[in-house]
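Please keep the sequence and the model side by side as you read.

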Amino acid sequence: MEEERGNGSSQWEFILLGVSDQPRLEMLLFIVFLVLYILNLLGNLVIIVVLWLEPILHTPMYFFLSNLSFLDLCYTTSTIPQMLVNFRSTHKSISWAGCVAQLYVFLSLGCTECLLLAVMAYDRYVAICQPLRYTIIMSRRLCLQMAATIWLSGFGNSMLQVILTMRLPRCGRNRVDHFF
């Protein structure tokens, strides 16, 4: 790998500038994001555990809600830990492969969330407009099929987007004014 002149960084990594010129702000942001991340993890884990343990909540609405909580856990975990490391590090960087992986996971989970919200809206539509046929229409089998379809579609669609993005020529700049 070739080294760029002067800054000792490789062309195969990105330097994340963020607010690196303001160390006090970085410390404050580190604490705020760490607290919010821990609260996010705990809150979503509680939702998932309660929905899994309580049999009365084993309905389509709560099945999709547990999917949303799991999705939110994954979504925040795809960026926040690396961002926290960079807030406390003197060398704030991410490798090209790490950037591609983070982009893929971030786009996949974002796309999956949009599809999941659409499915949750459909679930509520059926519950309101077809209340007598709701349990027949929204069977466990259909819910599992819909969940599998949205997860596969989200990740499949994003694979295509990342492949097309990686085919674009790089302009040579590796300094990015961002946190992740």
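What follows is a tour of the chain, its helix contacts and some of its residues.

This is a predicted model, in which local features need pLDDT of at least 70 and side-chain atom pairs count only at pLDDT 80 or more, while totals for chains, interfaces and linings use all residues. Residues are numbered from 1 along each chain as its sequence is written, and side-chain values use heavy atoms, with hydrogens and water left out.

Start with the overall layout. The chain has six helices and three strands, where helices (H or I, at least four residues) and strands (E, at least two) are DSSP runs numbered from the N terminus. Read from the N terminus on, the elements follow the order β-α-α-α-β-α-α-α-β. Of the 180 residues in the chain, 32% are buried; here buried means under 20% relative accessible area, exposed means over 50%, and partly exposed lies in between, with a 1.4 Å probe and protein chains only. Among contacts in the chain with a separation of 6 or more, 80% join residues 24 or more positions apart, a contact being heavy atoms within 4.5 Å.

Now to the helix packing. Two packed helices are described by the angle between their axes and the distance between the axes. The axes are lines fitted to C-alpha atoms, for helices over the stretch in contact, and the angles run from 0 to 180 degrees between N-to-C directions. Angles under 35 degrees count as roughly parallel, over 145 as roughly antiparallel, 65 to 115 as roughly perpendicular and the rest as oblique.

Take helix 1 (residues 23-53) and helix 3 (residues 80-88), whose axes come within 9 Å and cross at roughly 155°. These two helices are therefore roughly antiparallel to each other. Helix 1 passes helix 3 in a left-handed crossing; a crossing is left-handed if the near helix is turned anticlockwise from the far one by less than a right angle, and right-handed if clockwise. On the helix 1 side, the residues that meet helix 3 include Phe30, Phe33 and Tyr37, and on the helix 3 side they include Ile80, Pro81 and Phe87. The residues of this contact divide into 11 nonpolar, no polar and two charged. In this count Ala, Val, Leu, Ile, Met, Phe, Trp, Tyr, Cys and Pro are nonpolar, Asp, Glu, Lys and Arg are charged, and the others, Gly among them, are polar.

Pro81, in helix 3, gives a closer look at this region. With a relative accessible area of 29%, Pro81 is partly exposed. Beyond residues up to four places away in sequence, Pro81 touches Tyr37 and Thr76. The C-alpha atoms of Pro81 and Tyr37 are 8.7 Å apart, although 44 residues separate the two along the chain.

Helix 1 also holds Leu41, which counts as partly exposed at 24% relative accessibility. Leaving aside neighbours within four places in sequence, Leu41 is in contact with Leu73 and Thr77. Leu41 and Thr77 are 36 residues apart in sequence, with 8.9 Å from C-alpha to C-alpha.

Next comes helix 2, which packs with helix 4 (residues 96-129) at an angle of about 165°, with the axes 10 Å apart. Helix 2 and helix 4 are therefore roughly antiparallel. By class, their contact has 14 nonpolar, three polar and three charged residues.

What is the relation of helix 2 to helix 6 (residues 140-166)? Their axes come within 11 Å and cross at roughly 25°, so the two helices are roughly parallel to each other. The crossing of helix 2 and helix 6 is right-handed. Among the residues that make the contact are Phe63, Phe64 and Phe70 of helix 2 and Cys143, Met146 and Trp151 of helix 6. The classes here are 10 nonpolar, one polar and no charged residues.

Ser66 lies in helix 2 (residues 60-77) and counts as buried at 18% relative accessibility. Apart from neighbours within four places in sequence, Ser66 is in contact with Ile48 and Leu51.

Finally, turn to the cysteines. With a disulfide defined as a pair of cysteine sulfur atoms within 2.5 Å, the count comes to zero disulfides. Cys111 is in no disulfide, and the nearest cysteine sulfur, that of Cys114, is 6.5 Å away. Cys111 counts as buried at 18% relative accessibility, whereas Cys99 is partly exposed at 27%.
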